Amino acid sequence: MRILVIDDEKEIVSMLSRFLMKKGFREVSGEHNPERALHAIRNGEYDLIISDLVMEPYDGFYMLQEAKNRGIPFIMMTAHASVDSAVKAMKMGASDYVVKPFNLEELYVKILRIEKEKKLENENELLKQTEIIAYSPSMKRVLELVNNVAPTDFPVLLLGETGVGKTLIAHLIHQKSKRNNGKFVSINVAGIPESLLESELFGYEKGAFTDAVKSKPGMFELADKGTLFLDEIGNISMSAQVKLLKVLEEGTFYRLGAHSPTTVDVRIISATNSNLNEKVKKGEFREDLYYRISVFPIEIPPLRERKEDIAPLVNYYFQRFGHKEGISREAFIKLQSYSWPGNVRELINVVQRAIVLSGGKRIEAEHIVLHENLNAEVGNLMEAEKQMIIDALKKTGGNKKEAAKLLGITRKQLYTRLKKYGLM
Ligand SMILES: Nc1ncnc2c1ncn2[C@@H]1O[C@H](COP(=O)(O)OP(=O)(O)OP(=O)(O)O)[C@@H](O)[C@H]1O
Ligand SMILES: [Mg+2]
């Protein structure tokens, strides 16, 4: 994240920059001259601008306007506890504000939030740009079902192994629905500790708990008029299931610490790679919740059961990654006959690796490194390295210093390898 800090007091600029670097942000620039700062916003590439308000001749509002025109997130630092200017900044489109003197950790939390939002936006952008490849009859059927269900408000349950495209299809349903002006909010319900799940989903009011210095909307509110994607729903605890069921049934909920309920208009899409039916039978998943979310189930088959999609996917991703030199028949057969336990996600990785290994030239079978061959591949590499060392020692008549030089490694590295390969 590239951050620009602007304040007419030099000390503040350097103090903030040092703090941010310490927190692990590596690209932090600072500017104490407002004129030059303005210039930097116009010419530089930043992901976030943190600026003071009161400066001459250009103040923070000026900076904010420039940043906003370029779609750059902005945090305003207001010197005096002047709530009015903070409100004005927010109205003008600032992402957030801090009131001086502020706690640095507070600023840090705000930056993290902006970073997270940016990441979500990027992910959604990426999903929008991805073409959905569907040549097999089963994938064509999936797209048909998507077209049927998208315009309705029915809850959809996407079923399928990891990497088959559940997230992609969920986003497509949102895009094809009349809710596409609202947000597509995705939450991995299994990835959130239970203690946080409620506040993530429903938000909280200021003072609801010790850290709640400001009220915060939850995912349900963010997704109002849009779509809420509940990923990995098969793995949530029983008590979380109860809470979820309640809001799905009633359409209203309470922010933590709130006295009145919040009502939202949200379409729910859920996804799981586990067998929910089984879980219901075993008593690990509530039957009533299962019926609520599975009104319209769509099953996305694994790649090995729709091999017709492999070639088009490979071609699409070669093109997307700018590979133009084609692929040999043998390489293709290797891709075609693999079982793809990681499905499309794994295929994308294999394609990327092949492009790198081929050095941008035509892709041969040896450039296709599949999971099942990974161990063998490492073995091959070790064998090749051992042979190179033996050759170098031969050439130099056993002189290790010369051999290391020939191999382009240090003498110490050579000794480690000699030991590793049992050559000394
Ligand atoms: N039919 C398709 N055409 C093009 N790209 C696809 C297709 N299906 C999946 N992908 C891509 O494969 C990757 C994995 O897909 P996605 O994340 O949607 O899978 P998933 O089922 O949600 O996986 P997980 O269960 O791990 O969350 C993504 O980069 C996605 O864009
Ligand atoms: Mg997913």
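This briefing describes the sheets, helix contacts and backbone details of one predicted model. Local features are given where pLDDT is at least 70, side-chain atom pairs count only at pLDDT 80 or more, and totals for chains, interfaces and linings use all residues. Residues are numbered from 1 along each chain as its sequence is written, while chains are lettered from A and ligands numbered from 1 in the order in which they are written. Helices (H or I, at least four residues) and strands (E, at least two) are DSSP runs, numbered from the N terminus.

- An open sheet of 5 strands runs in the order 2-1-3-4-5 with parallel pairing; two strands pair if DSSP finds at least two bridges between them.
- The edges are strand 2 (27-31) and strand 5 (96-99), each with a single partner strand, so one side of each has no neighbour in the sheet.
- Direction ignored, neighbouring strands of this sheet are turned by 15° against each other on average. Axes are lines fitted to C-alpha atoms, for helices over the stretch in contact, and angles run from 0 to 180 degrees between N-to-C directions.
- Strand 3 (residues 48-52) pairs with strand 4 (residues 74-78) in the parallel sense over 4 bridges, and Ser-51 stands opposite Met-76 in strand 4.
- Helix 2 (residues 34-43) lies across strand 1 (2-6), strand 2 and strand 3, at about 145° to strand 2.
- Helix 5 (residues 104-129) lies across strand 3, strand 4 and strand 5, and runs at about 175° to strand 5.

- Another open sheet of 5 strands has the order 7-10-13-6-14, and the pairing is parallel.
- Strand 7 (184-188) and strand 14 (296-299) are at the edges with a single partner strand each, so one side of each is left without a neighbour in the sheet.
- Over 4 bridges, strand 10 (residues 227-231) and strand 13 (residues 267-272) pair in the parallel sense; Leu-230 stands opposite Ser-270 in strand 13.

**Helix contacts**

- Helix 6 (residues 137-149) packs against helix 7 (residues 166-175) at an angle of about 35°, with the axes 9 Å apart.
- The crossing of helix 6 and helix 7 is right-handed; a crossing is left-handed if the near helix is turned anticlockwise from the far one by less than a right angle, and right-handed if clockwise.
- Val-142, Val-146 and Val-149 in helix 6 meet Ile-169, Leu-172 and Ile-173 in helix 7, where contact requires C-beta atoms, placed from the backbone, within 7 Å.
- The axes of helix 13 (residues 310-320) and helix 15 (residues 343-358) come within 10 Å and cross at roughly 50°.
- The crossing of helix 13 and helix 15 is also right-handed.
- On helix 13, Leu-313, Val-314, Tyr-317 and Phe-318 meet Val-344, Leu-347, Ile-348 and Val-351 in helix 15.

**Backbone details**

- Helix 10 (residues 238-250) has 13 residues and reaches 19 Å from its first C-alpha to its last, close to the expected 18 Å; the expected span is 1.5 Å times one less than the number of residues.
- Gly-251, with a positive phi near 70°, follows helix 10.
- Glu-56 and Pro-57 are joined by a cis peptide bond with omega about -5°; Pro-57 lies in the loop between strand 3 and helix 3 (60-69).
- Lys-225 is not a glycine, yet has a positive phi of about 70°; this residue is in the loop between helix 9 (219-222) and strand 10.

How values were computed. Two residues are in contact if their C-beta atoms, placed from the backbone, lie within 7 Å.
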